Every structure is written in C-alpha cells, then in structure tokens.
Amino acid sequence: MTLRLDPDQFFQAADILKRGGTVAFPTETVYGLGADATNASAIEAIFTAKGRPSDNPLIIHLQHPDQILDYCHNVPRIAYQLMEVFCPGPLTFVLPKKASIVDGATAGMNTVAIRFPSHPTAQKILEAAGLPIAAPSANRSGRPSATTWQAVVEDLDGRVDAIVCDLPTDIGLESTVLDLSSTTPMVLRCGAITLEQLQRVEPAIILRSDANLASVNSPGLRHRHYQPRAKVVLCDSPNQLSLNSTNSIAYIGLDPTDLQPPFSMSKQCQDIDEYARSLFDFFRQCDVANIETIGCQRVEEIGLGRAIMDRLRRAAESS
Ligand code: TXA
Ligand code: MG
C-alpha cells in the first residue's frame, strides 16, 4: 500500500527513507522518487518501481553544497563557482564518485550526478533524513515526468511506500545536467538553468550535440523518454496540423488555435515558462482523453527554449 503524506509530514517521509523505503516528493523541477543512496536494496526498489533499465544512473539529492566532498572527489573550482550562483536550484553536477554512494545508484559508473533542490518540502525531507537521497523523476520509465502528485499516483500507486502530496511543480522540466568529470565541461541535458546562464560564469561550457553523443557517457540520453501514448508531432504553427488531423488531435504551443477543424484539446501558453510548466501534464491529460495525435509548436532554441525542444524531439521520436 502506498501512503499519502502531506508536505508537513516531512519527518514521516524522512523516517521511511531512513528505513530503506521509497518516497515520492516534489522538487522545483518535477516530482522525484527518493531512496537512500547508501542502501543498495533501497536503490534497487527505485529501479523496480519505475521499471527503469539498470544501466541508467540516478541523480543524488543533497541538502547543502558543503556535503559535496562526502560523495565526490576532484571537484573543480568551476563547480564551486557554479554552486555559489545556482544552488540550491535546478542544476545537476556530474563528478567523480566516492564509494559512499552505492554502485547501483550510479549504474556502476565512476561518476555521480548530484543536485541540491531548492523546493522547501524537498529540503525539509533531506534535512530530516540526513542522507544522500537518490531520486529519478517519479514516473514509470519512458513516460512523461510527473509534475503533479496525481501524476505520481497514476504511475506509481501501489509500487512505492509513500507519496508526498504537494502543489504542482514550478518549472515542469527536469534539471540541467552538467558534466564536470572530464576536461571539457558539457551540458548533457538542458533545463531551467540555461546554457547562456552557465556560460556567463564559465565560457568554456559546451552543449552536448548529437554529433558528440556517442562519446558521451550518459546512458539516460539514449533511452526512450517523455512519451505519452499519443503520437507527438512538431509544427511551426497550429495551421499545419489541421491538414492531416484526425478526430482527436490536440495542440500545445504559444500561438492561438482559432483554426479549423477544432482541436479536441488545446493549450495556449503565455510564454515559454508556462510552456515548460504545462507540457508533461498536458501530455498526460491527452492520454486520459484518448487523444491520438498531439501537435506541439516548436520554439526558438535559446534559453529555456532549448530544454523544451529537447523534450519535444524526444517525445516525438518513433511515437
Ligand atoms: O530535475 C531532475 O533532475 C529530477 C528531479 C527529481 O530531481 N530528476 C531526474 O532524474 O530527472 P532522472 O533519473 O529522470 O534523470 C537523470 C538523468 C538521466 O539522463 C541520467 O542518465 C543522467 O541524469 N545521469 C545520472 N547520473 C549520471 C552520470 N553519472 N553521468 C552522466 N549522466 C548521468
Ligand atoms: Mg526521468
């Protein structure tokens, strides 16, 4: 049975984690499914609950940047500079791993991904647990990440020990993942901390491109991701969709949709922040409504737009 907890029951959430259980909780990006990163069987329970391939490493959540040397070594100066500016917040650092994190959590890699969430509920749970907490996004593997506790229930009810039922998450897309474990600092996954913001602190940071993906050691990038059951198609304008529409086509984007034929469901976002915040929840609503095709408007690939386009492309892959 999966316990429902209120955000003010963070001590109870922490107790379950300390006893080796799994707890879904909110972060500023998406809901995470947490377990003690020093406990091999707790970590295994995450992979089982999500149906996650065991070669896909988890992100470890810590309460404070001061703790980083307990879990990583060879932390470069640039990591401290970036932590000073962006932490706590939606930025994940990939660094050489110490043995204190169990190998299952990092899928046997010699690096570990660490982040310091800014969400008050996540922070309270981390403080009360006093442990490094591994937490992938709280969805079944391959599905859109959960941005509401109801989405967590949809995917993981009966499969985890507890779900902390808090508000919908603020950002709606997962954290920026930055690899600082090799000579070239590289963004492996775009998120709310943008490439432009990072380059203002360290101009040498580059973006992973499809060309260098083969040489990048981040298994998660190669797995199926973010996919609703509906087919996802990308468009420059909602007009393009009406051409090949079925009876159940949905649309999400920045432009209005006063077009023929009417969409079964549509969401016009005021700006790219709202687009990011709404995207995964919209995918899930479309699945509930049995939508066959979801048309998603492309956005300019700068700032947060890069993260949106990355998720859109991967949702559209072979669906
Ligand atoms: O915002 C987020 O990051 C959310 C919340 C819950 O914190 N978590 C999240 O976790 O998105 P997950 O497991 O869904 O995505 C983790 C990503 C994957 O692409 C994984 O391959 C990559 O981080 N990753 C983890 N450890 C890594 C490592 N040692 N080296 C390279 N990539 C790594
Ligand atoms: Mg995920």
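**Salt bridges and the domain interface**

Biologist: What is the relative accessible area of Asp-15?
Modeller: Asp-15 counts as partly exposed, a class that lies between buried (under 20% relative accessible area) and exposed (over 50%), computed with a 1.4 Å probe on protein chains only. This is a predicted model, in which local features need pLDDT of at least 70 and side-chain atom pairs count only at pLDDT 80 or more, while totals for chains, interfaces and linings use all residues. Residues are numbered from 1 along each chain as its sequence is written, chains are lettered from A and ligands numbered from 1 in the order in which they are written, and side-chain values use heavy atoms, with hydrogens and water left out. The relative accessible area of Asp-15 is 36%.

Biologist: Which residue forms a salt bridge with Asp-15?
Modeller: A salt bridge is a side-chain nitrogen of Lys or Arg within 4 Å of a carboxyl oxygen of Asp or Glu, and here the closest N and O atoms are 4.0 Å apart. Both partners lie in helix α1 (residues 10-18), three residues apart, about one turn of the helix, where helices are DSSP runs (H or I) of at least four residues and strands are runs (E) of at least two, numbered from the N terminus. In an α-helix there are 3.6 residues a turn, so residues three or four places apart point the same way. The partner of Asp-15 is Lys-18.

Biologist: How many residues apart in the chain are Asp-310 and Arg-208?
Modeller: Asp-310 and Arg-208 form a salt bridge, with the closest N and O atoms 4.0 Å apart, yet the pair links distant parts of the chain, since Asp-310 is in helix α10 (residues 304-316) and Arg-208 in the loop between β11 (206-207) and α7 (210-213). Both count as buried because the relative accessibility is 11% for Asp-310 and 14% for Arg-208. Their separation in the chain is 102 residues.

Biologist: How large is the area buried between domain 1 and domain 2?
Modeller: The domain bounds, 3-215 for domain 1 and 231-316 for domain 2, come from an automatic or database domain assignment. Contact, meaning heavy atoms within 4.5 Å, joins 26 residues of domain 1 to 16 residues of domain 2. Buried area is the accessible area (1.4 Å probe) that two parts lose on being put together, summed over both; carbon and sulfur atoms give 53% of it here, and the total is about 1,600 Å².

Biologist: Which element gives the most residues to the side of domain 1 that touches domain 2?
Modeller: Across this interface the rule finds six salt bridges. On the domain 1 side, the elements that give two or more residues are α5 (149-156) and α6 (195-201). The element that gives the most, with three residues, is α5.

Biologist: Is Asp-155 buried or exposed?
Modeller: Asp-155 is found in helix α5, whose buried residues pack against several elements, including α2 (40-50) and α9 (272-288). Leaving aside neighbours within four places in sequence, Asp-155 is in contact with Asn-139, Arg-140, Arg-143 and Arg-284. With a relative accessible area of 8%, Asp-155 is buried.

Biologist: Which residue forms a salt bridge with Asp-103?
Modeller: The closest N and O atoms of this salt bridge are 3.1 Å apart. The partner of Asp-103 is Lys-97.
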